[in-house]
Amino acid sequence: MRTKEEKKELQKFEKAEKLFFFDRFFAATILKLIPYSVKPNHVTICRFILTPIVGILTFYGTYKIALVAFLLTALTDAIDGAMARMRDQITKWGKIYDPIADKLLVGMMVFIIVLKYIDFWTAIIIILLEFIIISVAWYRLNKGYKVQANVWGKIKMILQTAGVTILLLSVAFNLADLLPLASTTLYLAIAFAVVSILTYGI
């Protein structure tokens, strides 16, 4: 038997306008462990707090610990988004600061590790595109347009996370053969970032 809260969550899921492929998975797993008193914005704030910790670990070369910390921090992006959509807790604050938290995490890792182990232009292009994306989102929000993450933006974020993860694995375990795969994954992320901008994704 479903509880009242589970029934309400299922109804919101069925009525939701925009859900992503991983929302149902998180609803059936991780979200069941998170009480309703915890809001998506709380998870976003945790990402702001964890991001500099990941940066410090990476900067000082503790790559194995940094890898775990990075993955946990990146996971909060999927969790807060799924919570907001599944529990009908989307807020203007979240629309603004959730993508900022994502871009701070990605931008920091690009500066610390992508710039060092891949190349200058890949890092610069990633950061420039992230700046354009957040600028477009802010402009549309201030003009009163609907601002909502789209599938291209989510794929871009997944590819960025995968690229940084592979790069961390490469340097943490001296797996030089993974460097080309990390580069290719980040190049794909750049392509999806361009599509995200063209479709007003964040």
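Helices (H or I, at least four residues) are DSSP runs, numbered from the N terminus, and isoleucine 53 is found in one of them, helix α3. This briefing takes a friendly look around that helix, then moves to a glutamate in α6. The model is predicted: local features need pLDDT of at least 70, side-chain atom pairs count only at pLDDT 80 or more, and totals for chains, interfaces and linings use all residues. Residues are numbered from 1 along each chain as its sequence is written, and side-chain values use heavy atoms, with hydrogens and water left out.

**The course of α3**
- Helix α3 has 20 residues, which at 1.5 Å a residue should span 28 Å, and its end C-alpha atoms agree at 29 Å apart; the expected span is 1.5 Å times one less than the number of residues.
- Leucine 50 marks a kink of about 25° in α3, shortly before proline 52; the bend is the angle between axes fitted to the seven residues ending at a residue and the seven starting there.
- Just after α3, glycine 61 has a positive phi of about 80°.

**The nonpolar patch**
- Ile45, Ile49, Leu50, Ile53, Trp93 and Tyr97 make a nonpolar surface patch of about 510 Å².
- Its members have over 30% relative accessible area and no salt bridge, and nonpolar side chains (Val, Leu, Ile, Met, Phe, Trp, Tyr) are joined within 5 Å.
- Accessible areas come from the Shrake-Rupley method with a 1.4 Å probe, and for residues only the protein chains shown count as cover; a salt bridge is a side-chain nitrogen of Lys or Arg within 4 Å of a carboxyl oxygen of Asp or Glu.
- Helix α3 (40–59) gives the largest share, four residues, and α5 (92–117) also supplies at least two.
- Isoleucine 53 counts as partly exposed because its relative accessibility is 44%; buried means under 20%, exposed over 50%, and partly exposed in between.

**The buried residues of α3**
- Among the buried residues of α3 are Pro40, Asn41, Arg47 and Gly55.
- Their cover includes α4 (63–86), α5 and α7 (151–172).
- Threonine 58, also in α3, counts as buried because its relative accessibility is 1%.
- Beyond residues up to four places away in sequence, threonine 58 touches Tyr63, Ala66, Met109, Ile112, Ile113 and Leu168, where contact means heavy atoms within 4.5 Å.

**Glutamate 130 in α6**
- Glutamate 130 lies in helix α6 (residues 120–142) and is buried, with a relative accessible area of 6%.
- Leaving out residues up to four places away in sequence, glutamate 130 touches Lys103, Lys156 and Gln160.
- Isoleucine 190 is 60 residues from glutamate 130 in sequence and 9.5 Å away in space, C-alpha to C-alpha.

How values were computed:
Patch = residues over 30% accessible without salt bridge, like charges linked within 9 Å, V, L, I, M, F, W, Y side chains within 5 Å. Buried < 20%, exposed > 50% of the residue type's maximum accessible area, 1.4 Å probe, protein only.
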